[in-house]
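Welcome! Here is a short tour of one protein model, starting at the end of its chain and working towards the middle.

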Amino acid sequence: MHIPDEIVGQGEAVRLLGREMASGKMSHAYLLWGPRGSGKMALARRLALAANCTPSAARGGASGGAQSGEDAPLRYCGECPNCEKIAKGVHPDVRVVAPEGDTIKIGQIREMKWRIALKPNEASIKTWIIDDADRMTEEAQNCLLKVLEEPPGDSLIILLSEDPGMMLPTISSRCHEVRLNAVGITELAEWAEAEFDIEPQRAKLLATLSEGRPGRVAALAGDDEYFKVRDRIISTVRRVVLCGDGSEALAASEDLLDQLKKAYTQAMDGGGSPELLEISSSMGACDLMAGWFRDLFILSITGDESLIINLDHIMDIRQDAARIEPSLLSRWAVKAMQTAQALRKSANPRLAMDDLFLSLALRE
Ligand SMILES: [Zn+2]
């Protein structure tokens, strides 16, 4: 497992938790919440490292990985046996509970409850990370509640959630909540450039497409398949807009849905990233189209290229923005968004895509 030296853009949360740890005021339970890819798991692992690092005096104490110096909260050495095992994901006292299928079941929380009550094997603080905690069944949540009511002294439970509102309020009220925000595009792009050794322009594109979520940047950085699917959707939509022909639009709709279906199946079989699965779904494709028309609209109204999301297609965007009326572009952006929403509510993909493509081709 790769533990980043730095948790990009979450300095405030790291400092807050670092201060609590340094002053011995750690809570028994934390709820780290924020959008997917905002760094919840990285921060949880960092907490586990800092809580259990036992550096030998000879090595000069905890250095905080790359973050040495005075302001190095949540420090760990990266070399002691605890650090090494946690980094490799094999520490017997640092565990992750994640959904099995769609949910986290009561059996998983019961096992945690039982294990956490035992003395730690090697660590000073048994650490359990519950990923996607909002997907616990109600029974599992009630079981967890009992642990949170009387937490064992040498334990740390860290819940990660995108949407804590989906959990029983009594659970969040027993946790110390830490919110992770989206990271600024400039900061994220600078980080991506160094972290993945990529061109500044590419780094900016990834940061923009990721909407400020470092985990998403990391997933996209090496995902060529994602960009292939994305380019296919963009080239299809550009063609349909310019064809001016209803039957050609319907054929393009059928063809695109076929290709998306293949890409989705391949991604499922090959363990593709959530980003790839998303863009290969009909709603993900419609979200992309909405963003595409938004780019065209913004450029034609403001002329400001710094506001563009699909930066790698700037030439296409300039060209299309110049030849389509802004009022049509804004209508199409809304229509693509509404189509995505309808698909999320189980609309028929073929009918929905046909309808959208007809509007584009016939300039409605
Ligand atoms: Zn260590």
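Let us begin with Arg-363, which sits in the segment after α16; helices (H or I, at least four residues) and strands (E, at least two) are DSSP runs, numbered from the N terminus. Arg-363 counts as exposed because it has 12 C-beta neighbours inside 10 Å. The rule is that a residue is buried if 20 or more other C-beta atoms lie within 10 Å of its own, exposed if 12 or fewer, and partly exposed in between, with C-beta atoms placed from the backbone. Phi of Arg-363 is positive, near 55 degrees, although the residue is not a glycine.

A word on the source: this is a predicted model, in which local features need pLDDT of at least 70, side-chain atom pairs count only at pLDDT 80 or more, and totals for chains, interfaces and linings use all residues. Residues are numbered from 1 along each chain as its sequence is written.

**The whole chain**

The protein chain has 16 helices and five strands. Of its 364 residues, 43% count as buried. Its C-alpha atoms fill a box of roughly 70 × 45 × 35 Å along the principal axes. The domain assignment, which is automatic or from a database, gives domain 1 (11-179) and domain 2 (223-361). Their centres, taken over C-alpha atoms, are 40 Å apart.

**The sheet**

Five strands make an open sheet with parallel pairing, in the order β2-β3-β4-β1-β5. At its edges are β2 (94-97) and β5 (176-179), each pairing on one side only. Two strands pair if DSSP finds at least two bridges between them. Strand β3 (residues 126-130) is joined to strand β4 (residues 155-161) by five bridges, and Ile-129 has Ile-158 in β4 as its bridge partner.

Cys-77 is found in the loop between α2 and α3 (81-88). The C-alpha atom of Cys-77 is 7.9 Å from that of Thr-54, 23 residues away along the chain.

| Residue | C-beta atoms within 10 Å | Class |
|---|---|---|
| Cys-77 | 20 other C-beta atoms | buried |
| Asp-132 | 20 other C-beta atoms | buried |
| Arg-363 | 12 C-beta neighbours | exposed |

The largest nonpolar core has 105 residues, and Leu-32, Ile-158, Met-289 and Phe-293 have the most contacts inside it. Such a core is a set of buried Ala, Val, Leu, Ile, Met, Phe, Trp, Tyr and Cys residues joined through C-beta atoms within 7 Å. Helix α13 (residues 282-302) gives the largest share of this core, 11 residues. Both domain 1 (11-179) and domain 2 (223-361) supply at least three residues each. Leaving out residues up to four places away in sequence, Phe-293 touches Leu-329, Trp-332, Ala-333 and Ala-336, where contact needs C-beta atoms, placed from the backbone, within 7 Å.

Finally, look at helix α11 (residues 246-269). Its buried residues include Ala-249, Leu-256 and Tyr-264, and the buried residues of α11 pack against α10 (224-243), α12 (274-279), α13 and α16 (349-361). Just after α11, Gly-271 takes a positive phi of about 65 degrees.

Note on methods. Two residues are in contact if their C-beta atoms, placed from the backbone, lie within 7 Å.
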